[in-house]
Amino acid sequence: REMARVDLYTRADKDGVAIEVSDSGPGLTLTQSNHVFDPFFTTKKTGMGMGLSISHSIIEAHGGNLSVSNNTSGQGCTFTVRLKSMTSSREKMVQS
């Protein structure tokens with residue numbers, strides 16, 4: 001049996017930062033990916049289904065975005081957190 005793998009990637013540009021967490025698990029079905037951020041949705045036998053929902057709410061409350069996609073390799077999926085830079089956020093508030 002192959003060991004599970006989790007990779008973490010970060011990148012920054014003028015608009016903000018992105019943090020990607022990628023694993024080598026089975027990935028998500030279309031139904032799972034459509035509901036993965038819903039409260040009480042879980043794929044685990046003992047999960048409550050609140051972790052990703054809470055994370056999604058917190059990140060969006062800070063002007064960010066949390067998304068998920070299956071890896072192109074056919075194994076696992078990648079969760080991506082995007083957060084705006086403070087400069088970018090301030091500029092938008094001034095323009096509003």
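Which strand is valine 6 found in? I looked this up and found valine 6 in strand S1.

**Ground rules.** I am working from a predicted model, where local features need pLDDT of at least 70, side-chain atom pairs count only at pLDDT 80 or more, and totals for chains, interfaces and linings use all residues. Residues are numbered from 1 along each chain as its sequence is written, and side-chain values use heavy atoms, with hydrogens and water left out.

**Elements.** I found three helices and four strands in the protein chain. Read from the N terminus, their sequence is β-β-α-α-β-β-α. Helices (H or I, at least four residues) and strands (E, at least two) are DSSP runs, numbered from the N terminus.

**Whole chain.** I noted that 25% of the 96 residues are buried. Buried means under 20% relative accessible area, exposed over 50%, and partly exposed in between (1.4 Å probe, protein chains only). The protein chain exposes about 7400 Å², with 57% of that supplied by carbon and sulfur atoms. Accessible areas come from the Shrake-Rupley method with a 1.4 Å probe; for residues, only the protein chains shown count as cover.

**Sheet.** I traced an open sheet of four strands in the order S1-S2-S4-S3, with antiparallel pairing. Its edge strands, S1 (6–13) and S3 (65–70), each pair on one side only. Two strands pair if DSSP finds at least two bridges between them. S3 and strand S4 (residues 77–84) run antiparallel and are joined by six bridges. H2 packs on the sheet and touches S3 and S4, its direction making about 135° with that of S3. Contact means heavy atoms within 4.5 Å. Axes are lines fitted to C-alpha atoms, for helices over the stretch in contact, and angles run from 0 to 180 degrees between N-to-C directions. I also checked serine 69, which stands opposite threonine 78 in S4.

**Nonpolar patch.** I went back to valine 6, which is exposed at a relative accessible area of 61%. Val6, Leu8, Ile19 and Val21 make a nonpolar surface patch of about 350 Å². Patches are made of residues with over 30% relative accessible area and no salt bridge; like charges are joined within 9 Å, nonpolar side chains (Val, Leu, Ile, Met, Phe, Trp, Tyr) within 5 Å. A salt bridge is a side-chain nitrogen of Lys or Arg within 4 Å of a carboxyl oxygen of Asp or Glu. S1 and strand S2 (16–23) each supply at least two residues of this patch.

**Phenylalanine 40.** I found this residue in the loop between helix H1 (30–35) and helix H2 (51–61). Phenylalanine 40 has a positive phi of about 70° although it is not a glycine.
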